[in-house]
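Welcome, and please open the structure in your viewer.

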Amino acid sequence: MSATEIRLALDAIPMGGMAEGAAGDAKALFVRDAAGVRAFQAKCPHLGAPLAKGEICGDRIYCPWHKAAFALSNGSVLEPPALDGLTRYPVRIEGSEAVATLSPEPTETAKVATSVNSVLIVGAGAAAVACVKTLRREGYAGAITLIGREAHPPYDRTELSKQFLAKPTPPEKVLIEPDFERSNGVERITGEVERVDPAQRQVTLKGARTLTADAVLVATGSRASMPDFPGKELKGVHTLRSLDDAVRVSEAAGEAKHVVVIGAGFIGMEAAAFLTKRGLSVTVLAREEVPFAKRFGEAVGAALKQYHAGNGVAFAQGSVARIAGGSHVEAIETKEGQRLPADLVLVGAGAEPETGIVAGVEPDESGGLPVGGDLRLAEGVWIAGDIAAFPERASGETARIEHWRLAQQHGTHVAHAILGHSGDFSGAPFFWSNQGDKRLDYGGYAKGFDRIIMQGDPAALDFIAFYVKGERVTAACSIGRNTAFTAFLHLLDQGRLPPAAEIEAGADLPALAKNAA
């Protein structure tokens with residue numbers, strides 16, 4: 001049976017741009033530049049976003065949803081959250097048309113020369129998975145052992161507070177791959193790590209079993225914080241960090257009527273939005289009047305609060321005095337005298353980095369383990385993700401960042417370091433948050449900011465806000481301005497972002513990014 005062919009007029013593919021072609025249900029992404037026309041799979045391998053709605057910046061194709069980046073030349077993956085490159089299809093030119101044959105071009109099997117024969121990874125989250133995938137993609141053939149406390153295969157934690165809660169969802173829907181261990185040649189150990197000795201590259205499991213390896217990555221992530229509220233042990237009180245947590249919250253939501261979310265952070269606000277979609281009465285209790293105001297500014301925070309309120313989320317300001325009930329939660333009582341009925345309570349009080357098992361290293365004031373730009377803790381030992389306090393390039397600050405994608409970037413960097421590549425981590429931090437049906441994008445790092453350059457209308461949730469420290473923009477937040485935001489993220493990553501004064505004067509970031517390598 002012959003392979004499907006997709007034809008697209010050359011005039012429909014802009015020079016330096018891209019377009020989607022289709023034949024029935026089959027689709028392909030065509031890109032065109034001075035080197036000719038190439039064709040790739042049409043959807044991002046991460047979560048299936050249509051790549052034709054993304055952006056081309058310099059030599060990269062960016063996914064429109066979550067900013068995975070692929071090489072324009074061959075489709076190889078350059079930035080997560082995608083962990084695989086794009087399938088490439090052969091193209092021929094017939095008259096005024098480009099014709100792609102949907103028979104994947106063969107890929108060259110990578111080979112790497114290294115003295116590292118064994119890799120041991122403590123943790124099974126975003127950094128760990130990205131490290132494994134990168135090692136195998138680069139041709140590493142040695143042993144990889146992955147230690148995690150959860151029985152589930154690796155999964156996408158970002159999905160747990162979103163659509164997963166909007167309706168009963170099978171846990172396997174969020175798995176990274178159906179059979180991660182077999183597909184990637186990994187030995188996975190389910191167990192509790194009691195101690196990591198960086199000097200000896202030794203990991204001790206509960207029960208006294210010890211393991212060593214030529215290279216060790218410690219990526220233990222964070223655990224959900226549970227303040228010492230009276231009544232926190234009542235049935236119906238939950239945190240949301242793991243897949244098991246999400247399953248318990250979703251099951252409880254099937255029986256609940258009134259939900260109180262304690263805390264107006266990202267996890268809490270996402271969960272509030274999607275539990276409301278499920279038909280529940282949801283109240284968010286927070287100390288601050290305006291959610292996200294400290295992080296994004298009053299205008300953005302107020303607009304998000306108004307948006308959620310318009311979708312049925314109620315807000316209460318105050319602090320928890322106690323969680324009331326018999327054996328099951330019945331209400332939240334606040335220090336200000338409010339009583340909020342609840343048969344399901346979700347505590348979103350942040351997370352604490354899991355650093356206690358690492359011997360001989362004291363956390364800094366952020367709770368992270370201090371490392372240099374190479375993320376190396378000791379000879380042959382690296383750390384990544386939530387537990388790393390590292391020098392963030394663009395801001396010049398020491399940062400500890402709890403972003404899923406940054407953990408993936410760290411894991412990718414460590415994989416390259418294990419294979420002998422030197423240099424410091426320089427990726428631009430980015431995260432997205434699904435605030436109901438609105439996707440908020442945030443790039444860069446702003447520990448604090450002096451002022452905000454606002455373009456667009458935050459009240460209409462159509463804006464991009466730039467956060468300025470001194471004369472530099474170090475971060476941006478956006479809803480509905482994908483072209484400008486992607487250009488910002490690309491220029492930040494490449495170290496080519498204009499000074500704040502030029503951005504304030506109307507610098508054309510998409511035009512600058514188009515020409516940036």
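What follows is a short tour of a predicted model, one selection at a time.

**Stop one: a pair of prolines.** Select Pro 80 and Pro 81 and show the bond that links them. This is a cis peptide bond, with omega at about 20 degrees. To see where you are, colour strand 8 (77-79) and strand 9 (88-89): Pro 81 sits in the loop between them.

**Stop two: Phe 292.** Next, select Phe 292, in the loop that runs between strand 22 (281-286) and helix 6 (293-296). Its phi is positive, about 70 degrees, although Phe 292 is not a glycine. Is Phe 292 buried or exposed? With a relative accessible area of 8%, Phe 292 is buried, because the cut-off for that word is under 20%.

**Stop three: Leu 461.** Now move to the loop between strand 36 (451-457) and strand 37 (462-469), where you will find Leu 461. Leu 461 is not a glycine, yet has a positive phi of about 50 degrees. Leu 461 is buried, and its relative accessible area is 6%.

**Stop four: His 413.** For the last stop, show helix 8, residues 404-418, and pick out His 413 within that helix. His 413 has a relative accessible area of 15% and is therefore buried.

Conventions. Residues are numbered from 1 along each chain as its sequence is written. This is a predicted model: local features need pLDDT of at least 70, side-chain atom pairs count only at pLDDT 80 or more; totals for chains, interfaces and linings use all residues. Side-chain values use heavy atoms; hydrogens and water are left out. Helices (H or I, at least four residues) and strands (E, at least two) are DSSP runs, numbered from the N terminus. Buried means under 20% relative accessible area, exposed over 50%, partly exposed in between (1.4 Å probe, protein chains only).
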